[in-house]
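The structure comes first, and the notes follow by topic.

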Amino acid sequence: MMTTMPRADAPETRQHGMAVISALLLVAVITVIAAGIAQRESTFIRMAQSDQTQARARWALQGTLHWAQAVLREDARRSPVTRLDGQWSRPLVDQPLPPAGGRGGDTRYSVQITDEQGKFNLRNLAQNGAIVPAEVEAFARLCALLGIQAGQADRIMQRVVASLSEEGVRGRARQAAGRGDDDESRQAAARAAQRIGLPDGIPATPRAPQIRALDDLLAVPGVTPEVVARLRPYATILPGYTWINANTAPPEVIAAWVPGFSLERAAALLKERDRGVWFVSRGDFYNRLRRPDLSEFDIRIGIESRWFLVSSVVAQQGAIVVQQALLHDDKKSMPRLVWQRTGA
């Protein structure tokens, strides 16, 4: 008896083939979904780790700021005089950050405090509603010592003054310098304004955005990063009027501010200071100048500082985050944060 073989297109065969195909499709779909889930989980983990890294960097930067405030407060308790041998002037370099929760031990940080009153303050260019000739001349001498062209120096001064207003600087000269209301002083101020390209003097309202840091000067035509780099150790922009601190200023700043005082004489004077013979008063500094032709009241150089720049760097997992912050130290309480800039 001959057995009849089922036909290939029998219903049972077709159903079996469809089941196999469906199973294969289902496996493929599950594989794609699983791969997508794994990819999303991997991305999520990387994002979470990145967020944790950034949070840890921010925490570390905030810690360096608190350290700087504490160091400045302790120095002020010891003495109101600011000197280069203070604890604040000793930077922390490449310090390891203690691990948190058993992780993050590869994080390292550095922090340095800079006395901004050891520099020429461009904010001093205008006081009492007028340009200050002595400050204009001092900045011009400083730029000449640094190899910065006179035209570039004038444009920098013009930009700084243009960001001020007559009302905003009114009354500062009487408080800081004590004089300057006579006709001769007004004529000198007018000549200084003419020199830097502002014949009308300080504008009634600011003509340009306020400048908070030297890097803002890069928007001035002709002012290159090289010019700003040359100025950085010797010039600053602070919110208010300041005197130069003779105990922290470099020779270039002293030579620029004292008329007729050469860089060589300034270097010799400060060499003695750096050996530990610090200036104990404004009168002490004036006497060591040996310039009887100058009045002590015309030398706006003191021995205290209230403005400090804190520069911090945090490095972790191949990433570097930097921060700069300006502190105001009134010598009576914890230094106050004025502004803060953070970037990678």
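The protein chain exposes about 18900 Å², and carbon and sulfur atoms supply 57% of that area. The model is a predicted one. Of the 344 residues in the chain, 42% are buried.

**Overall make-up**
- The secondary structure consists of 9 helices and 11 strands.
- Counting contacts between residues at least 6 apart in sequence, 67% join residues at least 24 apart.

- In soluble globular proteins, nonpolar side chains tend to be buried together.
- The largest nonpolar core has 55 residues, and those touching the most other members are Leu 122, Phe 139, Leu 217, Leu 231, Ile 254, Phe 285 and Ile 301.
- At least two residues of this core come from each of helix 2 (133-145), helix 3 (150-162), helix 5 (183-195), helix 6 (225-231), helix 7, helix 8 and helix 9.
- Leaving aside residues up to four places away in sequence, Phe 139 touches Phe 120, Leu 122, Ala 153, Ile 156, Met 157 and Leu 231.
- A second, separate core holds 11 residues, among them Ala 68, Trp 88, Val 111 and Ile 113.

**Helix 9**
- Helix 9 spans residues 282-289 and is mostly covered, with 6 of its 8 residues buried.
- Those buried residues are Gly 283, Asp 284, Phe 285, Tyr 286, Arg 288 and Leu 289.
- Their cover includes helix 7 (251-257), helix 8 (263-274) and strand 8 (301-302).
- Phe 285 of this helix is also listed among the residues that touch the most other members of the largest core.
- Arg 290 follows helix 9 and has a positive phi, near 55°.

Technical notes:
Residues are numbered from 1 along each chain as its sequence is written. This is a predicted model: local features need pLDDT of at least 70, side-chain atom pairs count only at pLDDT 80 or more; totals for chains, interfaces and linings use all residues. Side-chain values use heavy atoms; hydrogens and water are left out. Buried means under 20% relative accessible area, exposed over 50%, partly exposed in between (1.4 Å probe, protein chains only). Helices (H or I, at least four residues) and strands (E, at least two) are DSSP runs, numbered from the N terminus. Contact means heavy atoms within 4.5 Å. Accessible areas come from the Shrake-Rupley method with a 1.4 Å probe; for residues, only the protein chains shown count as cover. A nonpolar core is a set of buried Ala, Val, Leu, Ile, Met, Phe, Trp, Tyr and Cys residues joined through side-chain atoms within 4.5 Å.
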